[in-house]
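Q: Please take a close look at the aromatic side chains here and walk me through how they pair up.

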Amino acid sequence: MEKFDKAAIDARIREEMPFKHRWHNRFHLEMPFGLINDPNGLTFFKGEYHIFYQWNPLGVVHKNKCWAHVKTRDFVNYSMPELSMWPSDEHDKDGCYSGCGTVENGQLRVCYTCNAKDENGKRTPAQRFGTLQADGTVKKEEIVVSDAAPGYTGHFRDPYLFSRRGKRYFVLGAQREDEKGTAVIYEETEQGWQLKGELAHRLGDFGYMWECPNLLRFGDYEALIFCPQGLEAREYDRQNIYQAGYVAGHASLDAMTLLHGKFQELDRGFDFYAPQVFQHEGRNLMIGWMGMPDKDDDYPTAEKGWVYSLTMPRELSLRQGHIYSRPAREMEALRVDTSAVSLDSDSTDELICNLYDASEIILDINMGEAQKVSLELVYGLEKTVISYDMQEQSCVIDRNGMKLGGKGKRKFRLYSDGSLSLHLFVDRTAVEAFFQHGEETASFFVFPEKNIQPELRIFSDADMESLSGRVWELAGYSFR
Ligand code: FRU
């Protein structure tokens, strides 16, 4: 049998779905077997959103990188996931790495990095286009950049296409020979795709590698999203091994400069990396990878044969130099209307409520006398705690009360004048939290040891003036 046998792999997906294990999520994209990572090739094409993502169908390690593919019109009903592209020639024999999608002459085209290593481990990265075929596979076509540019190492990957004033470009994540991370831009010309250079920025030395850049437009502003590796943790940020964040401001492709504000993270949770954004009908929709490289011990599903998820789609907006994220409005269709429970109460310091297998919670708290509020997701004797401290204007997510999977805390600044809003999606193991109407978000996994429905407990150190909220059961995504 061939190493990547699409028919056999697709048949196995159909056999193993819907998911059986209680750690599998209901409204997060994942695979019944293998390892998934970065979302790739996000495109709206002929009435459907196409979502590709990195997938190793042969094991739960970072190897054999293929692209998986699903389609959806509404982010709720999906086509059955399938194998779409796999290592098949000397250029991409060591992986079909990340890339993007676009619509060109009525076809969905992708642009990705072919990864090839020689016997000494030296990489030759090539950037290549391909076209989606009716059978769900990507036909591999022209290689437009055959190797890293002079002055850069073999870490030269993850093309993201964009256009400005009628010209097409892509931005790549790269490592200079002096081992500094950066983003480089190529421009499409009549002579082919040509290196334009680096986008000059004011970040100074900022890690040893940048992965998965996205250059986005928000009205008159732009934002460069990227994933720097090699930054030190600080008291209120950069607490994961690698970051996913952005700088926002003005980019000039003539001057090749980026005038920008400070680097900010897109998500404050433990398990968020390599997001991709695409624009459709005025929306900037983002999907992230729920996972983290080089933290393999944090994910106990690996023993069950699969690992990682993608986030729900989020809608991004830029206001005063900051990116706000909200769950895409399509997620509202998952609400089971009859399940709605309201959590309203005045002057209280405690509230307890049973959650569903998959839940959405909207909470608005008026702190009143309270200085500290904690919100606990309780699974029998285990819990994960999100706590807010008014005095410090900070929020902490604490997984030390869980037995399995990653532990530790994540702390970040969160501003409040006494009102606190939280929008929480609690899937079986994937949790996504949106704070202060999308000012901050946090994505993280919790792997309850026992098969127990979670309970939500809210406590404060003094009476909260008021608390109003709503809880819904959410239906799962469906696949056919
Ligand atoms: C980010 C990343 C990308 C690369 C891909 C390989 O998670 O390392 O830079 O293209 O994953 O799977």
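**Aromatic pairs and their surroundings**

A: Let's start with phenylalanine 156, which counts as buried because its relative accessibility is 0% (buried means under 20% relative accessible area, with a 1.4 Å probe and protein chains only). Tyrosine 186 is buried too, at 5% relative accessible area. Keep in mind that this is a predicted model: local features need pLDDT of at least 70 and side-chain atom pairs pLDDT 80 or more, while totals for chains, interfaces and linings use all residues. Residues are numbered from 1 along each chain as its sequence is written, and side-chain values use heavy atoms, leaving out hydrogens and water.

Across the whole structure, a search finds 29 aromatic pairs, meaning rings of Phe, Tyr and Trp (its six-membered ring) with centres within 6.5 Å. In one of them, phenylalanine 156 and tyrosine 186 have ring centres 6.3 Å apart and planes at 85 degrees, so the pair is edge-to-face (planes over 60 degrees apart). This pair joins distant parts of the chain, with phenylalanine 156 in strand β10 (residues 152-164) and tyrosine 186 in strand β12 (residues 181-189), 30 residues apart; strands are DSSP runs of E, at least two residues, numbered from the N terminus.

Phenylalanine 162 and tyrosine 169 make a stacked pair, 5.4 Å centre to centre with 15 degrees between the planes (stacked means under 30 degrees). Both phenylalanine 162 and tyrosine 169 are buried.

Elsewhere, one aromatic cluster includes Trp23, Tyr242, Trp289 and Phe447.

Methods
Helices (H or I, at least four residues) and strands (E, at least two) are DSSP runs, numbered from the N terminus. Buried means under 20% relative accessible area, exposed over 50%, partly exposed in between (1.4 Å probe, protein chains only).
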